[in-house]
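Keep the sequence and the 3D view at hand while reading.

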Amino acid sequence: MIERMQQLLGELEEFSATTPEVLEAYRNKMLSKKGVIAELFNEFKSVDPALRRETGKMLNELKEKAIAKIAHAKDLLDQALEAQKGSDVPDLSMPADFAPLGARHPISIVRNRINGIFEKIGFVISDGPEMEDDWHNFSALNFPLEHPARDMQDTFFIGKNPDLALRTHTSSVQVRVMESQKPPIRTISPGRVFRNEAISARAHCIFHQVEGLYIDKGVSFADMRQTLLYFAREMFGENTEIRLRPSFFPFTEPSAEMDVSCSICGGKGCNLCKYTGWIEIMGCGMVDPSVLENCGIDSKIYSGFAFGMGIERITMLTYQIKDLRMFFENDLRFLQQFRAAT
Ligand code: PHE
């Protein structure tokens with residue numbers, strides 16, 4: 001028994017608790033009702049009377065030491081836990097968590113590029129409402145009352161109000177600019193537009209435009225051509241050529257469609273340009289004098305040109321995207337491919 005107690009005393013010296021669980025297990029082993037010390041007290045009953053004194057003394061010592069040691073170990077453990085809590089303060093020298101970068105939407109990438117190209121030559125960006133009245137979307141722009149673009153099939157009207165619709169082009173913003181500013185005016189209006197079209201790979205009821213307007217004294221068709229040539233070369237490369245074909249818009253006279261030489265085949269003919277060497281990218285023309293007058297600008301003093309392009313179309317050409325619907329589906333597999341672009 002003495003030997004056993006000596007061994008336990010040695011153990012007691014060595015003991016230290018790293019967790020509350022270890023401490024509790026040790027306390028149980030030593031001091032509980034069925035613990036080793038209780039057991040020793042039981043054994044003590046049958047100790048030889050000659051050894052009783054010595055053994056009893058040692059047993060009491062062991063018990064007191066065990067109580068003191070376990071209490072001390074508990075104090076140390078509590079202190080350590082408390083100190084650990086304090087160290088929850090973040091370590092500012094740690095490398096930061098990796099924050100995955102998002103990707104800009106391809107429409108935003110191309111819109112920003114178009115804006116940047118025109119801003120370099122003094123165009124400023126104008127914004128306007130997506131919900132428009134008949135005057136700004138149609139009437140001021142010379143759309144006759146019976147023009148098919150006003151028809152329910154093309155325009156989303158708001159409720160039953162025939163005077164309120166989602167804008168079908170951002171030319172409406174240009175009307176607002178002409179009404180509120182004096183020439184010289186050099187502005188572009190990027191934005192979302194709405195047309196009541198069936199959704200397919202080549203058409204959508206929502207898309208984006210950048211339209212431009214330049215009004216000053218003596219602005220000519222040649223100025224327009226040169227501005228648009230500059231744009232085409234900045235956008236599609238310095239060897240790009242442009243071609244203007246006669247066309248019609250109610251608000252411009254003369255009007256034209258602009259083609260750029262195919263950037264894939266350089267004009268030789270390929271799948272993308274359908275073997276014509278040319279790709280149509282925008283409408284343009286000299287602002288009709290009656291539109292200037294509608295907006296309070298004297299058409300005898302001022303002239304100007306306007307142009308408008310669909311951002312989706314230019315994005316499809318730039319990135320060779322075949323289906324317009326991809327722009328609106330928010331499929332991450334599609335969007336993540338534009339991570340590296342800005
Ligand atoms: N507003 C026309 C459209 O949406 C584009 C355009 C703008 C054409 C300016 C000529 C001049 O189709």
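Sorted by class, the shell around the ligand contains five nonpolar, six polar and two charged residues. Here Ala, Val, Leu, Ile, Met, Phe, Trp, Tyr, Cys and Pro count as nonpolar, Asp, Glu, Lys and Arg as charged, and the others, Gly among them, as polar. The model is predicted: local features need pLDDT of at least 70, side-chain atom pairs count only at pLDDT 80 or more, and totals for chains, interfaces and linings use all residues. Residues are numbered from 1 along each chain as its sequence is written, and side-chain values use heavy atoms, with hydrogens and water left out.

**The ligand**

The ligand is surrounded by 13 residues, and the closest are His169, Ser171, Arg195, Gln209 and Glu211. A residue is near a molecule if one of its heavy atoms lies within 4 Å of it. Strand 10 (302–310) is one of the strands that each supply at least two residues of this shell, and strand 10 gives the largest share, three residues. Strands are DSSP runs (E, at least two residues) and helices likewise (H or I, at least four), numbered from the N terminus.

A side-chain N or O atom of His169 is 3.1 Å from a nitrogen atom of the ligand. For Arg195, a side-chain N or O atom is 2.9 Å from an oxygen atom of the ligand. On its own the ligand has 330 Å² of accessible area, and the protein covers 90% of that. Such areas come from the Shrake-Rupley method with a 1.4 Å probe.

**The domains**

An automatic or database assignment divides the chain into domain 1 (2–85) and domain 2 (106–338). Their C-alpha centres lie 89 Å apart.

**The salt bridges**

The whole structure has twelve salt bridges. The term means a side-chain nitrogen of Lys or Arg within 4 Å of a carboxyl oxygen of Asp or Glu. Some of them are listed here.

| Pair | N to O distance |
|---|---|
| Asp78 and Lys74 | 3.2 Å |
| Arg192 and Glu130 | 3.1 Å |
| Asp331 and Arg333 | 2.7 Å |

Asp78 and Lys74 both sit in helix 4 (residues 49–86), four residues apart, about one turn of the helix. Is Arg333 buried or exposed? Arg333 is exposed, because its relative accessible area is 65%. Asp331, at 25% relative accessibility, counts as partly exposed. Buried means under 20% relative accessible area, exposed over 50%, and partly exposed in between (1.4 Å probe, protein chains only).

Technical notes
Polar contact = N/O pair within 3.5 Å; in protein donor to acceptor, adjacent residues only side chain to side chain.
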